[in-house]
Amino acid sequence: MGKGHGVSGKTHSASQLNNYANQNNPNNSAYRANANNHSNQCNPNNSAYSSSRSNSKSK
């Protein structure tokens with residue numbers, strides 16, 4: 001049984017496999033962009049922080 005990591009070539013297209021690989025490769029700009037976006041959304045001193053939380057406070 002697999003460990004549940006990654007994506008399967010049987011269920012995903014070549015472009016989907018490439019996108020997944022790019023987003024999980026530290027030497028790729030897509031990986032760094034995702035990491036920077038996550039960091040900005042976790043930083044209260046960044047404008048992305050408040051905008052990422054503006055819709056999550058609904059009751």
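Which side-chain oxygen reaches the backbone nitrogen of alanine 30 at the start of H2? The oxygen belongs to asparagine 28, and it comes to within 2.8 Å of that nitrogen. This is a predicted model, in which local features need pLDDT of at least 70, side-chain atom pairs count only at pLDDT 80 or more, and totals for chains, interfaces and linings use all residues. Residues are numbered from 1 along each chain as its sequence is written, and side-chain values use heavy atoms, with hydrogens and water left out.

**Overall layout**
- The protein chain has three helices and zero strands. Helices (H or I, at least four residues) and strands (E, at least two) are DSSP runs, numbered from the N terminus.
- The order of elements from the N terminus is α-α-α.
- Of the 59 residues in the protein chain, 3% are buried. Buried means under 20% relative accessible area, exposed over 50%, and partly exposed in between (1.4 Å probe, protein chains only).
- The chain exposes about 5,200 Å², and carbon and sulfur atoms supply 45% of this area. The areas come from the Shrake-Rupley method with a 1.4 Å probe; for residues, only the protein chains shown count as cover.

**Confidence**
- The chain averages a pLDDT of 84, and 85% of the residues score at least 70. pLDDT is the predictor's confidence in each residue, from 0 to 100.
- Among the helices, confidence is highest in H1, at a mean of 92. It is lowest in H3 (residues 47–53), at 84.

- H2 has 13 residues. From first C-alpha to last it reaches 18 Å, close to the 18 Å expected at 1.5 Å a residue. The expected span is 1.5 Å times one less than the number of residues.
- Asparagine 28 sits in the loop between H1 (14–23) and H2.
- Asparagine 28 counts as buried because its relative accessibility is 18%.

**Arginine 32**
- Arginine 32 lies in H2 (residues 29–41).
- Its relative accessible area is 40%, so arginine 32 is partly exposed.
- Beyond residues up to four places away in sequence, arginine 32 touches Pro26 and Asn27. A contact means heavy atoms within 4.5 Å.
- The arginine 32 side chain reaches the backbone oxygen of asparagine 27 at 3.4 Å. A polar contact is a pair of N or O atoms within 3.5 Å; within protein, one must be able to donate a hydrogen and the other to accept it, and residues adjacent in sequence count only if both atoms are side-chain atoms.
- Arginine 32 and asparagine 22 are ten residues apart along the chain, and their C-alpha atoms are separated by 9.8 Å.
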